[in-house]
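Hello,

Here is the structure to look over. My notes follow below it.

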Amino acid sequence: MASVSRSPVLTPGNEPRAAAVDLPVTADLERGYGDVAETVRAAICTGAVGGNLDDAMRRNTCPMTIDVRTPDRPASASDAPLRQARNSAAFWAATGHARGHRVIRRRGFVAVVGDERAGLRVLIQKPDLWREEVAEISDLATRAAGPVDAEDPFSSTDLSHLRMRNWQMPIMLRQPGAVAEPAMNVLRAPSESDLRAAERAVIAAFALARFEPYQGGEMFPIALIHQPGVDVFIASLDGEIAGVCVTVVDGGFGSHYWVGTSPAFRSRGVGRAVMLGSLAPMAGLPVTLTASRLGRPLYESLGFAATTASTWWSSR
């Protein structure tokens, strides 16, 4: 794979530079040259199939890579577990970095080691964890400062020895396609105050007692929305933030997290609106998510189809 660095690949008229070689070309996009979204769009337009973005928000961390490629074939149900695994790892690693927590990457799992409120998050990345990897997860869980949560999209790793409860939820897949207009205003969180309101809405929607008493910026640090590929969407109704979700684009796939409606606004179409508004920017991508029992009918009505079951483990 060929690589082109800095501005030459982004200069208008340089499209032939990428097309003149028989190799896929990636771009070194530094720190985004001031406007990350515009830089990525420019790289795509000039023919680059991917790019590297250094994370300018943190010191003493590794550069973060965003894959701007779209899949070279239609997504299939068999793709969903791996794609959900990769996307969840991207989301929780971005969240961990934004919170200043330790992120551990291994062949078969990613772990975010948080404090006594955030706890430990384990994202299984392979269906065949090595014995040493299971032992490391067990050690991390034993030493965790707070709650332990683990996601296994492959439903193949047995963590019952940790005496955690477990349950299954379907991984759902939506193929690229048109998205209807939402019935209310849905926007990316444009300011820190909006992000704080979104944070409160999610804590209320999911009854996250561990984040009480409330500490602004703990759940959604401002650095989170500056992570490549991460967006927080808010739906407004009656002048208040009524619904929230987080989306992540990674490896040509999108996914949703923390899709929630404030208790005072339930049964008013807020969930549908925030889903439609957040799906619109990803209409050209396959999108996965892990659905709760209550959320599944909504997702099915939006074109998602269940593929396989993901097993979740929790110490709570």
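Buried means under 20% relative accessible area, exposed over 50%, and partly exposed in between (1.4 Å probe, protein chains only). By that rule, 50% of the 316 residues in the protein chain are buried.

This is a predicted model: local features need pLDDT of at least 70, side-chain atom pairs count only at pLDDT 80 or more, and totals for chains, interfaces and linings use all residues. Residues are numbered from 1 along each chain as its sequence is written, and side-chain values use heavy atoms, without hydrogens or water.

Helix α3 covers residues 80-99. Of its 20 residues, 17 are buried.

Now the salt bridges (a side-chain nitrogen of Lys or Arg within 4 Å of a carboxyl oxygen of Asp or Glu). There are 13.

- D149 pairs with R316, with the closest N and O atoms 2.6 Å apart. They lie 167 residues apart: D149 in strand β8, R316 in the segment after β15. D149 is buried at 4% relative accessibility; R316 is partly exposed at 46%.
- R107 meets D128 at 3.5 Å, N to O. R107 sits in the loop between β5 and β6, D128 in the loop between β7 and α4. A network of salt bridges links R107, D128 and E133.
- R296 pairs with E300 at 3.0 Å between the closest N and O atoms. They are four residues apart in helix α7, so about one helical turn separates them.

Best wishes

Methods: Helix = DSSP H or I, 4+ residues; strand = E, 2+ residues; numbered from the N terminus. Expected span 1.5 Å × (residues − 1).
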